[in-house]
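Here are my notes on the model, as numbered points. They go from the chain as a whole to the helices and then to the aromatic rings.

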Amino acid sequence: MTSPFHSVFVAHLLFFASRVSFFFGGALFSAIFFRHLPELDALPPFAQACVKSVYVAATLFGLFCYSLELDRFGKAVEDGPPDRGQ
C-alpha cells in the first residue's frame, strides 16, 4: 500500500488505533463469555450454539483484519511515498 503523504504522527495514531481495536475485540469476547457463562447449566440446541459460535468467531476475525489493515496503513504512512527516480 502506498500513501500520498508522510507523517510519523499520523502513523503513530494509526498504530495506536490498531492496538486499541484489539483490546475492544478481547473485551467483546470477554463480555459475551462472562455474560452467558451462568446460562451454561442448560445448553442450547447444538445448531444454535454453532451459529452463535461462528458469529462470534467471524466478528473477532473481522476485528483482527481491521487492526491488521490499520497496521499496514500506518506503516505506509510512516514510510511515505516511494521516490520517483529523481
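1. A residue is called buried when its relative accessible area is under 20%, exposed when over 50%, and partly exposed in between. On that basis 17% of the 86 residues of the chain count as buried. The model is a predicted one.

2. The chain exposes about 6700 Å², and carbon and sulfur atoms supply 72% of this area.

3. The secondary structure consists of two helices and zero strands. Among contacts in the chain with a separation of 6 or more, 100% are between residues 24 or more positions apart.

4. Helix H1 has a length that can be checked. With 29 residues at 1.5 Å a residue, H1 should span 42 Å, and this agrees with its end C-alpha atoms, which are 42 Å apart. The expected span is taken as 1.5 Å times one less than the number of residues.

5. Which residues of H1 are buried? They are Ala 11, Leu 14, Phe 15, Ser 18, Ser 21 and Gly 25. The cover over the buried residues of H1 includes H2.

6. With neighbours within four places in sequence left aside, Ser 18 is in contact with Ser 67, Leu 70 and Asp 71.

7. Turning to the rings: a pair of aromatic rings is described by the distance of the centres and the angle of the planes. A search of the whole structure gives two aromatic pairs. One of them joins Phe 22 and Phe 64, with 6.3 Å centre to centre and 65° between the planes, and is edge-to-face. Phe 22 belongs to helix H1 (residues 8-36) and Phe 64 to helix H2 (residues 46-79), so this pair ties together parts that are 42 residues apart in sequence.

8. Phe 22, Phe 61 and Phe 64 form one aromatic cluster. Is Phe 61 buried or exposed? At 52% relative accessibility, Phe 61 counts as exposed, while Phe 64, at 37%, counts as partly exposed.

Notes:
Residues numbered from 1 in each chain as written. Predicted model: local features only at pLDDT ≥ 70, side-chain atom pairs only at ≥ 80, totals over all residues. Heavy atoms only, no water. Phe/Tyr/Trp six-rings, centres within 6.5 Å; stacked < 30°, edge-to-face > 60°. Helix = DSSP H or I, 4+ residues; strand = E, 2+ residues; numbered from the N terminus. Buried < 20%, exposed > 50% of the residue type's maximum accessible area, 1.4 Å probe, protein only. Contact = heavy atoms within 4.5 Å. Areas by Shrake-Rupley, 256 points an atom, 1.4 Å probe, with all protein chains shown as cover.
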